[in-house]
Structures are given as structure tokens and as C-alpha cells.
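Here are a few exercises to work through with the model open. Try each one before you read its solution.

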Amino acid sequence: MGDLVFFLILLGMGYGVGTWTEKRHYRSIMEREEQLLHLPAITAKKVELDNSKVERAVLVVGSAVISVDYFKRLLAGLRNIFGGTVKSYETLLDRARREALLRMKEKAHGASMIINVRIETSTIGKRAFKGKLGSIEAIAYGTAIKMNS
Amino acid sequence: MRFIPRQSSGNVNVTKTSAIREFLILAGSLLAIILILYLILGFVIEMVIPHLSPRLEQAMAVNLLPRIVGSETDEAKSRELQPLLDRLQEHCTKLPYHCTIKVSPSPQINALALPGGTILIFSGLLDRVASENELAFVLGHEMGHFAHRDHLRGLGRGLVFMAISTALFGPHSQINKLAARFLNLTELSFSRRQETSADHFALEVLHCAYGHVGGALTFFEKLAASEHSRYNKISFFSSHPLYPERLHELQAYSRQHGFGSGKLTPLPDDL
């Protein structure tokens with residue numbers, strides 16, 4: 001009985017707190033995306049530029065580690081039995097990728113553009129070694145180009 | 001090519017969905033599947049039990065018994081009672097087991113038939129037994145459960161449930177530990193039909209061993225009287241319910257087979 005109560009508390013807390021932090025994070029992501037909209041980050045390797053006007057080109061990296069709450073982990077576990085789209089992990093990955101891109105852009109403060117942008121994802125944490133999902137890390141990197149003013 | 005920065009509206013990477021609804025659907029269907037499997041395997045167990053060899057049962061018992069019996073058994077009393085059980089089993093039954101008796105020091109008025117041929121008898125019941133005949137009736141009743149393999153039926157479904165949860169979630173998962181709690185091995189419940197046929201078996205044993213069935217009815221009457229006067233619930237009746245028909249059934253069966261009553265054999269002095 002004690003186990004069951006503990007399990008239900010974890011489940012309820014996971015759902016409540018998880019939903020609340022997710023909403024808050026999305027609000028922050030939208031705001032910052034709007035603010036950094038002026039800085040293009042593109043995947044093209046080469047862009048036509050007048051080389052004499054390029055002042056600096058540097059590597060910029062942004063990374064974010066995000067964990068999934070207890071409720072969503074259980075939901076994904078249930079989904080693993082039946083198969084199908086694991087919807088409960090979608091926001092996790094979406095948030096991690098967008099947060100990493102934002103941090104990369106914040107790192108490239110003053111640049112005119114970021115080219116050759118790549119995003120990579122990996123699972124980390126103790127559970128990751130047992131083939132289970134613990135937290136995920138998204139890392140975004142690219143070349144920031146600063147032009148002569 | 002001109003690059004125009006623009007915030008995209010909406011998010012294709014995240015499905016708009018209600019997590020609670022998805023959870024209820026998934027958990028509900030999982031429960032339904034487990035329930036269906038449980039019912040099906042319940043029938044399978046019914047079919048399998050008659051073919052289960054006593055040897056396999058003994059192998060199962062190795063893991064199960066310590067959980068039920070515990071370490072506290074009264075070895076001296078157990079040894080004292082074993083000859084009576086051996087005599088009853090040898091001369092009056094054809095059980096595929098070698099039954100052993102274990103006395104547990106507990107005020108419970110109860111006796112249990114456990115997998116592998118072990119009869120667990122609580123000292124609370126021993127204290128209330130006045131003659132060897134009464135004790136023989138209790139032992140005969142439990143041997144009746146062995147003969148009809150009722151003790152496995154009570155256990156079977158619980159084991160099936162454990163097997164399902166182990167297969168789905170692994171042996172060390174929380175859910176499996178939770179399932180193990182539902183498997184209360186000491187509260188095997190038997191149906192009326194099973195109790196009645198175990199009673200018949202006990203009467204046959206009594207008649208074979210003593211030439212009469214005296215003691216069988218007195219024991220029940222005594223327990224029933226003490227149930228009304230002192231205890232609200234006596235566990236021998238909760239796992240072996242005493243319904244009004246049971247006494248009549250015993251009397252009817254005795255009359256039908258010409259089993260009379262006779263002189264009671266006293267208990268050995270040590271008990």
C-alpha cells in the first residue's frame with residue numbers, strides 16, 4: 001500500500017510540476033527566439049560573401065540538457081508496449097533542440113550570421129546505459145561570421 | 001536570394017495531445033489485456049493441475065515454503081505428531097506425496113495444506129483438540145485437499161498473476177513487487193464443493209483408521225460454540241467456512257456409508 005501511495009505521489013507530482021515547467025520553458029523559448037530573430041542561423045556550408053568584409057569567423061556552441069518527468073517516462077513506457085508515436089517525448093526533444101540553438105545564438109553575440117549550423121542529440125545519465133532514457137542533451141554548433149561595419 | 005527572418009507559427013514537431021487521456025487509454029488497455037490473460041491462464045491452470053507431477057510441486061515448494069512457514073516451527077511437537085500422520089497416510093490414503101507435519105506456535109485456530117505435502121498446523125488448534133480422533137479428522141481434511149489438489153488451485157491463479165507481471169515488467173520491478181503482495185499464500189480460499197469433498201475424504205480416513213467417525217462432529221460443534229461465545233472470527237472457519245449445511249452434510253455422508261460413532265482415542269500425553 002505504501003508503495004502504491006508513493007507511486008501515485010510521484011506520478012501526480014511528475015505531471016503537475018512537469019507540465020508547469022514545460023509551459024514556463026516554452027514561454028521563455030518563444031520570447032528569446034523573437035529577440036534573436038535578427039541573427040540568421042542557417043545550415044548552408046558556403047555563402048557568397050565578400051571575403052575582405054569578413055572580420056572574424058568563430059565556432060559557436062550551445063548545448064542544453066533536459067530531463068523528462070516521471071509521468072511522461074511512465075507514459076512512454078506504456079507506449080513502448082503497444083508501439084506508436086511516443087508523443088510524451090516530443091516536447092522534451094523539441095525543447096532541448098530549441099534551447100541549444102538559442103544558447104548558440106546568444107554565444108554569437110554581435111555576429112551577422114551563423115552558417116553551417118548542426119544539431120546533435122544524445123542521451124545521458126545513469127539510466128542511458130541500461131538502454132533507458134534519462135536525460136537528453138542537444139548540442140547546436142555553427143560558424144559565426146562577423147562582418148566589418 | 002534574400003533571407004527574411006520570420007518566427008514560424010505553430011510547431012510541427014510537437015503533437016497537440018492530452019497526456020492524461022493517452023495515459024488512461026494505454027493503462028486501461030494494458031489492464032484489460034492482463035485481465036484477459038489472467039482469466040485465460042486461470043482456465044489453463046485448471047487443466048494443468050491434474051497433470052502436475054508431485055516432484056515438480058516439491059521443487060516449487062522449496063522456494064515457497066520458507067515464505068509461508070517461517071523459521072519458527074515447534075520441532076518437538078511436529079515430531080510427536082508425525083507418526084500419527086504417517087499411520088493415517090500409509091493405511092488409509094493413496095496420496096502421491098510423503099506428507100510432513102509442521103507445528104507453528106501461533107494462537108490461530110487453523111491448519112493449512114501447503115504445496116509439496118506439508119501440513120501446517122497452528123498450536124492454537126492443537127490446544128483445542130481433545131482426542132486423537134479430532135486431530136485425525138483435521139489431518140484427514142487437509143490430506144483430502146492434497147488428494148484433490150485444491151491447495152494448488154488456490155495457489156495457481158496467484159502464481160499465474162505473478163508470472164504475467166514478471167514477463168511484462170521483469171522480476172525486480174515495482175509492479176512485480178506490488179503483484180507479490182496480492183499473492184497472500186496463507187489465505188487460500190476453497191470453494192464449498194472442495195471443502196465438502198475434503199470432509200468426505202477425512203471421514204473415510206477416520207473410519208478406516210478407527211472403525212468409526214466419532215470426533216469429527218464434536219470437533220466442529222465445539223469450535224462453533226467457542227466461536228459464538230468468545231471469538232468473533234476463528235480462522236479455521238474463515239479459510240474453511242462453517243456453513244450450516246456442512247454439519248448436515250457430514251452427518252448425511254456418515255449415515256449413507258454406515259459410519260457410526262465409537263470410543264475416542266485419547267491424545268498422546270505430551271500434547
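**Exercise 1.** Find which residues B:L206 touches, leaving out those up to four places away in sequence.

*Solution.* Keep in mind that this is a predicted model. Start at B:L206 and take pairs whose C-beta atoms lie within 7 Å. With the sequence neighbours up to four places away set aside, you're left with B:N133, B:A136, B:F137, B:G140, B:V213 and B:A216. Now step back to the largest nonpolar core, which has 39 residues: B:L206 and B:I121 are the members touching the most others. Several elements of chain B supply at least two residues each to this core, among them β3 (118-122), α5 (132-148) and α8 (192-210). The largest share, eight residues, is from α5(B).

**Exercise 2.** Work out how many residues of α5(B) are buried, and how far the helix reaches.

*Solution.* First, burial: count a residue as buried when 20 or more other C-beta atoms lie within 10 Å of its own. That gives 15 of the 17 residues, so α5(B) is mostly covered. Next, the span: from first C-alpha to last you get 24 Å, close to the 24 Å expected at 1.5 Å a residue.

**Exercise 3.** Describe what chain A brings to its contact with chain B.

*Solution.* Count residues first: 19 come from chain A and 17 from chain B. On the chain A side, α1 (2-35), α2 (70-82) and α3 (90-107) each supply at least two. Then sort that side by class: eight nonpolar, seven charged and four polar residues.

Terms used
Residues are numbered from 1 along each chain as its sequence is written. Chains are lettered from A and ligands numbered from 1 in the order in which they are written. This is a predicted model: local features need pLDDT of at least 70, side-chain atom pairs count only at pLDDT 80 or more; totals for chains, interfaces and linings use all residues. Two residues are in contact if their C-beta atoms, placed from the backbone, lie within 7 Å. Helices (H or I, at least four residues) and strands (E, at least two) are DSSP runs, numbered from the N terminus. Ala, Val, Leu, Ile, Met, Phe, Trp, Tyr, Cys and Pro count as nonpolar, Asp, Glu, Lys and Arg as charged, and the others, Gly among them, as polar. A nonpolar core is a set of buried Ala, Val, Leu, Ile, Met, Phe, Trp, Tyr and Cys residues joined through C-beta atoms within 7 Å. A residue is buried if 20 or more other C-beta atoms lie within 10 Å of its own, exposed if 12 or fewer, and partly exposed in between; C-beta atoms are placed from the backbone. The expected span of a helix is 1.5 Å times one less than its number of residues.
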